[in-house]
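I opened this model to look up a few local positions and one interface. My entries follow in the order in which I made them.

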Amino acid sequence: MPVIEHYDALIEMAKAKREVKVVVPSPESENLIEGLAMASHLAYPILVGDEKKIRPLLEKCGLEADVINVPDMHEALYKALEIVRGGGADMIMKGKDDTPTFMHAVLDKEKGIRTGKLLSHITCLEIPGYHKLLFVTDAGIIIRPNLEQKLNMMDNLLGVLKKLGYDRPKIAMLASLEVPSPDMPETLEAAAMAKFAERGRFGSAIVDGPLALDVALDPESVKIKGLSGEVMGDADVLFVPDVVTGNVFCKAMVLFARAKMGGFIAGAKVPIVFLSRADTPERKLYSIAFAVAAG
């Protein structure tokens with residue numbers, strides 16, 4: 001199984017893919033257009049919004065794109081989804097719409113792009129000091145997943161990792177300790193997920209848990225604690241117990257470890273690049289690269 005160490009390698013994988021189109025509703029933001037310009041060698045943009053506001057931004061950022069003039073944000077969002085449903089785009093990226101509005105439209109039974117699968121978010125981090133890319137799920141969508149949802153989230157995760165070339169990914173079910181405790185439901189569910197893996201539910205993936213963060217990522221901590229296991233100290237994935245854990249961990253890595261981060265939502269008809277309007281252009285590049293490489 002190849003080990004992907006850096007985002008540069010992921011970007012090269014994305015470059016090798018066929019031409020990809022990304023549709024963006026209401027993209028009237030210099031930050032967003034700049035990010036699309038940085039990723040223009042990976043995905044060609046289709047911009048649905050107010051053409052009078054979009055054209056000057058394209059000129060300023062030196063970006064070539066198709067522009068569909070739909071000034072109303074609500075109409076622009078549903079037009080973008082219509083383009084996806086018709087096969088005119090390979091992914092969709094959130095523009096200026098707020099998160100509840102965007103997700104409500106995505107999940108619309110008639111006009112959205114749901115497939116019947118659970119939607120879940122997968123983050124990819126390049127962390128200085130860690131020897132390879134680290135994936136985290138779910139740091140953005142599923143607030144407090146139950147066991148059934150975790151099984152569905154694992155299916156989404158493994159589908160993405162398979163497309164990146166991971167045939168035996170090492171997945172740590174994150175908790176605060178390594179011993180299941182009735183007082184901590186997440187440890188019991190982590191142990192259950194590990195047992196599912198043992199019985200073949202996740203194919204060749206290696207799943208262990210519950211595992212504390214240090215045991216999942218640091219070989220020295222594993223040695224000191226007298227533990228052993230294929231995942232310990234060498235995890236490819238942190239499967240977090242809830243969205244708060246995942247969100248705080250990822251943002252801490254970015255703020256204090258200067259990690260590179262990107263992510264997208266899996267489980268829909270196409271990948272959904274789902275970012276905050278405050279995210280940097282570089283983060284938009286990494287997210288698009290991740291989505292294209294895994295698409």
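I looked up Ser-287 and found it buried, with a relative accessible area of 0% (buried means under 20% relative accessible area, exposed over 50%, and partly exposed in between, with a 1.4 Å probe and protein chains only). Ser-287 has its place in helix 11, where helices (H or I, at least four residues) and strands (E, at least two) are DSSP runs numbered from the N terminus. Leaving out residues up to four places away in sequence, I noted that Ser-287 touches Gly-262, Gly-263, Val-273 and Leu-275, contact being heavy atoms within 4.5 Å.

I record here that this is a predicted model, in which local features need pLDDT of at least 70 and side-chain atom pairs count only at pLDDT 80 or more, while totals for chains, interfaces and linings use all residues. Residues are numbered from 1 along each chain as its sequence is written, and side-chain values use heavy atoms, with hydrogens and water left out.

Next I turned to the domains. The domain assignment, which is automatic or from a database, gives domain 1 (7–114 + 268–294) and domain 2 (120–257). I read 29 Å between the C-alpha centres of domain 1 and domain 2, and the contact takes 9 residues from domain 1 and 12 residues from domain 2.

How much area do domain 1 and domain 2 bury between them? I found about 930 Å², with 70% of it on carbon and sulfur atoms; buried area is the accessible area (1.4 Å probe) that two parts lose on being put together, summed over both. Tyr-7, Phe-290 and Ala-294 supply 57% of the area that domain 1 buries against domain 2, more than any other three residues. On the side of domain 1 that touches domain 2, helix 1 (7–15) and helix 11 (281–293) each supply at least two residues. By class, I noted 8 nonpolar, no polar and 1 charged residues on that side of domain 1, where Ala, Val, Leu, Ile, Met, Phe, Trp, Tyr, Cys and Pro count as nonpolar, Asp, Glu, Lys and Arg as charged, and the others, Gly among them, as polar.

I then looked up the backbone. The peptide bond from Thr-137 to Asp-138 is cis, with omega near -5°, and Asp-138 is found in the loop between strand 6 (134–137) and helix 6 (147–163). Gly-209 and Pro-210 are also joined by a cis peptide bond, with omega about 5°, and Pro-210 is found in strand 8 (residues 206–211).

Is Ser-26 buried or exposed? Ser-26, in the loop between strand 1 (21–25) and helix 2 (30–38), has phi near 45°, a positive value in a residue other than glycine, and is buried at a relative accessible area of 1%. Arg-258 has a positive phi too, near 55°, but lies in the loop between helix 10 (243–257) and strand 10 (260–266) and is exposed, with a relative accessible area of 60%.

My last entry is Lys-111, in the loop between helix 5 (99–106) and strand 5 (120–126). Lys-111 counts as partly exposed at 46% relative accessibility, and, not counting residues up to four places away in sequence, touches Tyr-78, Leu-81, Arg-85 and Ala-105.
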